[in-house]
Amino acid sequence: MLRDTMIFLLGLAIATAATAQQALPPPTNLSPEARAALAADAARPNTAKTMVERRVRSDAIQREIGDRMRARYKVAVEDGSIGGVPVRIFTPKGWRQGTSLLMNLHGGGFMVDSGSLTENIPIAALTGYRVVAVLYRLSPEHRFPAAVEDGLTVYRALLKQAPARRIGVYGTSAGAILGPELIARLKTATLPLPGALGMFSGSADLTGFGDSLTLFGDPGMTGLARIYAGSVDLADPLLSPARGDLSGWPPTLCLTSSRDVLLSATADFCRKLDAAGSVSQLVMFDGLPHAFWAYVEAPESDAAFGTMARFLTAKLGSAGK
């Protein structure tokens with residue numbers, strides 16, 4: 001019953017967001033490639049009804065888009081395990097041991113993998129850093145803090161390969177919720193914080209997602225957060241870090257778009273970081289939906305990945321150092 005409820009809520013959130021997006025014509029300044037990707041997204045059939053079917057479908061989309069990205073960026077991809085946690089490792093050409101490292105927490109509503117390939121191939125190529133994507137335990141089988149604990153296990157291992165100041169953590173959507181949660185966990189455990197955080201279309205306060213969810217999404221997304229949280233109070237700072245102490249936070253790039261269901265949540269977190277005296281930067285793209293950088297052929301995606309890579313290399317140092 002719980003799994004059926006989770007699937008229903010995910011489908012409701014996705015369907016309502018898509019309907020809201022389609023009701024508005026795309027802005028005239030979008031590239032032809034972005035327009036084509038939006039149309040293809042709207043036309044892509046989704047017949048998955050069970051959790052297994054949704055995960056199979058998501059994995060197939062990852063492979064489809066990931067293959068196109070690999071052909072373009074020539075990044076080596078291998079599966080492995082760190083501390084018992086499955087990972088996916090991305091190594092760009094010319095990478096050398098001892099340089100900076102990146103750790104990714106993928107998107108997918110906490111319950112599918114919708115980014116472990118597509119979020120990381122361009123970033124590895126553009127930064128020159130090795131990227132380790134954490135294939136964390138998924139909801140609803142595993143609730144908070146299981147995914148954060150998996151991220152913590154991998155991060156501890158990476159600390160043996162590079163100093164914290166040379167490690168960057170980033171993620172999209174659910175991964176951009178897990179990233180701030182991991183930082184809050186590191187602060188509580190008085191562990192060294194990474195040199196940079198990428199929070200791409202996410203939230204750091206699960207008690208509410210702001211006006212953009214009303215405009216482009218559906219309250220079903222709040223239900224997904226509630227199921228992920230399990231019995232934990234949504235206002236707990238370890239679950240909703242924006243409600244805790246944000247001083248001393250690592251430099252953070254908050255990246256979103258004007259038709260992103262999590263635009264409000266991303267911008268609100270960036271503002272709170274700034275108010276706490278922590279370094280933060282907000283970048284918003286125009287007229288594009290949630291996590292649009294999966295549109296591999298669109299120049300707007302190139303621009304987004306370029307923004308991410310420049311921020312990370314500026315904070316962590318060039319790959320050659």
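A residue is termed buried under 20% relative accessible area, exposed over 50% and partly exposed in between, with a 1.4 Å probe and protein chains only. The model is predicted: local features need pLDDT of at least 70, side-chain atom pairs count only at pLDDT 80 or more, and totals for chains, interfaces and linings use all residues. Residues are numbered from 1 along each chain as its sequence is written, and side-chain values use heavy atoms, with hydrogens and water left out.

G202 has 0% relative accessibility and therefore counts as buried. This glycine lies in the loop between β6 (196-200) and α7 (211-216); helices (H or I, at least four residues) and strands (E, at least two) are DSSP runs, numbered from the N terminus. With neighbours within four places in sequence set aside, G202 is in contact with S173, A176, I177, L262, A265 and T266, contact meaning heavy atoms within 4.5 Å. Between G202 and P45 the C-alpha separation is 26 Å, at 157 residues apart in sequence.

Helix α6 (residues 175-188) and helix α5 (residues 146-158) have axes that come within 10 Å and cross at roughly 65°. Axes are lines fitted to C-alpha atoms, for helices over the stretch in contact, and angles run from 0 to 180 degrees between N-to-C directions. On the α5 side, A147, V148, E149, G151, L152 and Y155 take part, meeting L178, E181, L182, R185 and L186 of α6. By class, this contact has 7 nonpolar, 1 polar and 3 charged residues; Ala, Val, Leu, Ile, Met, Phe, Trp, Tyr, Cys and Pro count as nonpolar, Asp, Glu, Lys and Arg as charged, and the others, Gly among them, as polar.

The 13 residues of α5 reach 19 Å from first to last C-alpha, close to the 18 Å expected at 1.5 Å a residue, where the expected span is 1.5 Å times one less than the number of residues. Buried residues of α5 include A146, D150, V154 and L158. Helix α6 is mostly covered, with 11 of its 14 residues buried. Just after α6, T190 takes a positive phi of about 50°.
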